[in-house]
Amino acid sequence: FSVWKSEWDTHDIIHTFNTVPCTHKPWIVTTEATLPMLDGDATDQTIATTRGLLLEDNCQRIIFMSDHARKCFLDFHKDWGRVSEVLKKFELIYPNVRLDRAKAKTLSSKHCLHLAFVGNDWFRKGGIVILRVAKLARNKNLPIRVHIVSHRSPNSYFRYQDISKYESDFNLLSLENINFHGGLPNTKVIELLTNVDFQVLASLGDTFGYSILEGFSVGTPVIATSVGAIPELELNGKTGYLLNLPLTSYRSWQHSDYPDKSSNDYWEMLDSVYNDLAKQVIEILGDFWESKNRSAKYEELSAGAISRIKKAHDSEKIDRQLDKLYSICLNS
């Protein structure tokens with residue numbers, strides 16, 4: 001929740017993200033999952049307060065940034081007798097980016113595939129997986145070079161508690177087919193995504209995966225897990241490829257809430273998941289590399305990524321959509 005200070009009184013309308021404001025002003029909320037956002041167990045009072053504010057007349061719209069978010073909201077509130085009263089406030093507006101490329105890309109090289117991993121939450125986003133992908137590629141003589149952009153944050157809800165278990169993985173950073181860039185400014189990240197062939201996001205938990213859209217905006221397809229809203233991005237051979245991961249009904253990894261993340265059982269299960277995802281990536285890329293028409297297929301994937309931005313994520317189009325929505329809300 002947010003309580004707005006007096007300086008906000010100069011604004012006509014308030015638009016929040018994942019936050020329900022306590023205000024007399026007209027307001028809109030965009031959510032990536034549900035409301036209230038679940039940080040641990042939501043209390044009955046928190047849920048009741050959220051519902052009361054969403055029913056107020058000054059709550060003009062509830063914008064879902066994916067169909068996944070809408071389904072999460074409706075599932076969470078399925079026992080709420082008044083949920084039908086807020087249905088008229090629903091909008092679906094995807095996250096947006098500026099489209100930086102009009103034509104499909106071609107493969108960067110005839111001799112090697114270049115991959116990018118972008119993510120500071122190293123253990124959630126798939127940093128360990130991409131290291132193992134590089135190792136498998138070397139062992140199989142598959143011509144793959146991996147580019148890693150990450151601050152390698154040690155803090156993650158998904159991490160095994162004893163970080164020494166990851167020592168052998170961290171040692172893989174010295175492999176000859178890995179370029180570790182550390183942290184980069186966003187302009188440099190976009191430049192890197194422009195120059196690689198695929199982005200890999202073997203994430204154990206994401207509501208959307210915003211870096212995927214940044215890649216699409218420069219024509220770069222993706223290989224990603226099927227968590228959250230990622231399947232909505234047409235990763236079925238049109239814009240990239242999906243990695244299988246056992247999921248809950250909320251499209252999160254089945255074991256994300258494992259009760260004891262310091263137990264050996266958790267490590268063995270986590271280690272197995274890392275290996276499985278890395279093998280899936282290698283199988284996809286191996287098949288792609290061996291394909292006689294890989295150049296044509298790549299241009300199709302790149303064109304599909306650009307088309308996806310034009311269809312649902314173009315910033316200029318969504319700017320106009322939001323401007324119109326604000327006007328409607330202020331004049332209602």
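**The sheet and its neighbours**

Strand E2 (residues 14-17) pairs with E4 in the parallel sense over four bridges. Strands pair if DSSP finds at least two bridges between them; helices (H or I, at least four residues) and strands (E, at least two) are DSSP runs, numbered from the N terminus. This is a predicted model, where local features need pLDDT of at least 70, side-chain atom pairs count only at pLDDT 80 or more, and totals for chains, interfaces and linings use all residues. Residues are numbered from 1 along each chain as its sequence is written, and side-chain values use heavy atoms, with hydrogens and water left out.

User: Which residue in E5 is the bridge partner of Val 29?

Analyst: For Val 29, the partner in E5 is Ile 62.

User: How many residues of strand E4 (residues 27-31) are buried?

Analyst: Buried means under 20% relative accessible area, exposed over 50%, and partly exposed in between (1.4 Å probe, protein chains only). In a regular strand, side chains alternate between the two faces of the sheet. On one side of E4, Trp 27, Val 29 and Thr 31 are buried, and on the other Ile 28 and Thr 30 are too. The count is five of five.

User: Is Gln 60 buried or exposed?

Analyst: Gln 60 is placed in strand E5 (residues 59-64). Leaving out residues up to four places away in sequence, Gln 60 touches Pro 26, Trp 27, Ile 28, Lys 89, Cys 329 and Ser 332, where contact means heavy atoms within 4.5 Å. Because its relative accessibility is 13%, Gln 60 counts as buried.

User: With which side chain does the side chain of Gln 60 make a polar contact?

Analyst: A polar contact is a pair of N or O atoms within 3.5 Å; within protein, one must be able to donate a hydrogen and the other to accept it, and residues adjacent in sequence count only if both atoms are side-chain atoms. A polar atom of the Gln 60 side chain lies 3.1 Å from the backbone oxygen of Asp 57. The side-chain partner, at 2.9 Å, is Ser 332.
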